[in-house]
Amino acid sequence: MPLKKTNPILSKSWEDLKIHFEKISSEKIYGLFNKNPDRFKDLKIEWGNFLIDFSKNKITTKTIDLLINLSNELGLKEAINNHFKGSKINETENRSVLHTALRSEKSEEIIVDGENIIPEIHENKEKLYSFCENVINGNHKGFTGKEIKDIVNIGIGGSDLGPSMVTAALAYYSNHLKVHFASNIDGDHINEILKKLNPETTLFIIVSKTFTTQETITNANTFKKWFLSYSSKKEIPKHFVAVSSNINAVIDFGIDPKNIFPMKDWVGGRFSLWSSVGLSIALSIGPSNFEKLLNGAKDMDKHFKNSDFKKNIPVTLALISIWYNNFYNAETEAIIPYTEYLNKFPSYLQQAVMESNGKSIDRSGKSISYQTGGIIWGASGTNSQHAFFQLLHQGTKLIPIDFIGFKNSLHKNTEHHEKLMSNFIAQTEALMKGKNKLEVKEELNSKKMPLDQIEKLIPFKVFNGDRPSTSILIDSLTPHSLGSLISMYEHKIFVQGYIWNIFSYDQWGVELGKDLAKNILDEIKKNKKNKHDPSTENLIKFFKK
Ligand code: F6P
């Protein structure tokens, strides 16, 4: 069943939400706590070792009820079932969307084009795990008989961001292998990576679903050339493997077919870290930890699929985000993880969210008259507090924030961790509560500041507060909890795309720039001349000079 074609803003529930918005938009979050002493209890969801506190948002329980009415009216439950069972919900590419199948149990059955895809998923995983074991335990030797020490993941977008984010996030669980990521076509960066490598002990993984991506193929060829300057073609199988769905192109590149880890067309790049694309992750943390990552995601899948919408974390996250995006006209959302391990998480989510939901054509092919996907940005706390939190506290924009933190630090450094997490909690309080004139006056008074100076300073030191945030507090950063966290955001993306009546799983918007770059490269290299606007023409001229 394809996804239903709807129009959220023509639904009755949307009208109800508009009326509700008029009523409550002037209410302050802080005041809502006074009105409902059970607000925290009513607006939090506990699941496994996750606590999600939605109570510091500009919502009431009624808002949630009305948003759930919207999802029911639009048929969200049926859409979720269609997604999980493999309906071709990526209609413009005629594909199923089944990253969820990659974390499914062996006993499940998911039929795509008449075939159960589960046995092959598990066979591929076994092949991947046994390859990883061999590299990790040193059985897989390089061309001079030495063990592999460095891994280079060559890929871009979804073939890079997921693996590099997870590898960094789970560094605590990593083994002796050093993993490098070559994504950008920037030759300087490639040379910096090469400086750290020894051809005898390096394994290159070329990750490209299409195996046509300019950046990846150019980088792969550069690494191959470098390798061949020390070795010979017959040694390539010991040092180059590929993850791709374009088997012929991989073989043409010179990779041994037994070193190809396949990728299916029902896995989108930005959702592919669970597939063979996660090879660099599995090498870094070992198969058993990779399995825990998959299990964490699987547990969140079950929660998403089976929980009542009222207690459903991804659904609630998505609906609140729609509330801000479409009723408060919020343009952006910030993601602030309070751990350096997750410092790549905001960039990872940027692709996942913005490539998925940055669309302005609806599922019927018509232009959309309402806002869709928001802008995702962020950085780790506390660094970001000393960088952009000024704007979050006193700027003119409404920016809902997800604070992500952990009860326990991995290295058990309690002193640091208590300071880190007190900042997390304090920021959520400060953003909501703010500081009024009287409080500022009292504070300055106590410092014995002259009254005229106090009066002058007051407007600058007032915090209006009422700035929303969601706190995501998890027991510890483990492969399992990280799997659940990522899967939680994947499902948030699905729900939003569904409600906005867009197709979340294609990315036609990235094609135009790629095509034009090819033309311009021809002009630069072959001195061809195409017609451009004066700005583009002069940029090319200046570059060539
Ligand atoms: O540029 C967009 C994109 O198609 C992403 O969706 C994808 O993750 C990335 O390029 C890499 O594609 P590939 O894995 O085919 O090299």
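Rings of Phe, Tyr and Trp (for Trp, its six-membered ring) are taken to pair if their centres lie within 6.5 Å, with planes under 30 degrees apart counted as stacked, over 60 as edge-to-face and the rest as tilted. By this criterion the structure holds 30 aromatic pairs. One of them, formed by Phe 204 and Trp 226, is edge-to-face, with 6.2 Å from centre to centre and 80° between the planes. This pair links distant parts of the chain, as Phe 204 belongs to strand β7 (residues 202-207) and Trp 226, 22 residues apart from it, to helix α9 (residues 214-228). Helices (H or I, at least four residues) and strands (E, at least two) are DSSP runs, numbered from the N terminus.

A word on the model itself: it is predicted, so local features need pLDDT of at least 70 and side-chain atom pairs count only at pLDDT 80 or more, while totals for chains, interfaces and linings use all residues. Residues are numbered from 1 along each chain as its sequence is written, and side-chain values use heavy atoms, with hydrogens and water left out.

Polar contacts (N or O atoms within 3.5 Å) reach ligand oxygen atoms from a backbone N or O atom of Gly 158 at 2.6 Å, from a polar backbone atom of Lys 209 at 2.8 Å and from a side-chain N or O atom of Glu 355 at 2.6 Å. Taken alone, the ligand exposes 400 Å², of which the protein buries 87% (Shrake-Rupley method, 1.4 Å probe).

Gly 381 and Thr 382 are joined by a cis peptide bond with omega about 10°, and Thr 382 lies in the loop between β11 (375-378) and α16 (389-394). Asp 113, a residue other than glycine, has a positive phi near 45°; Asp 113 is found in the loop between β3 (111-112) and β4 (115-116).

Technical notes:
Polar contact = N/O pair within 3.5 Å; in protein donor to acceptor, adjacent residues only side chain to side chain.
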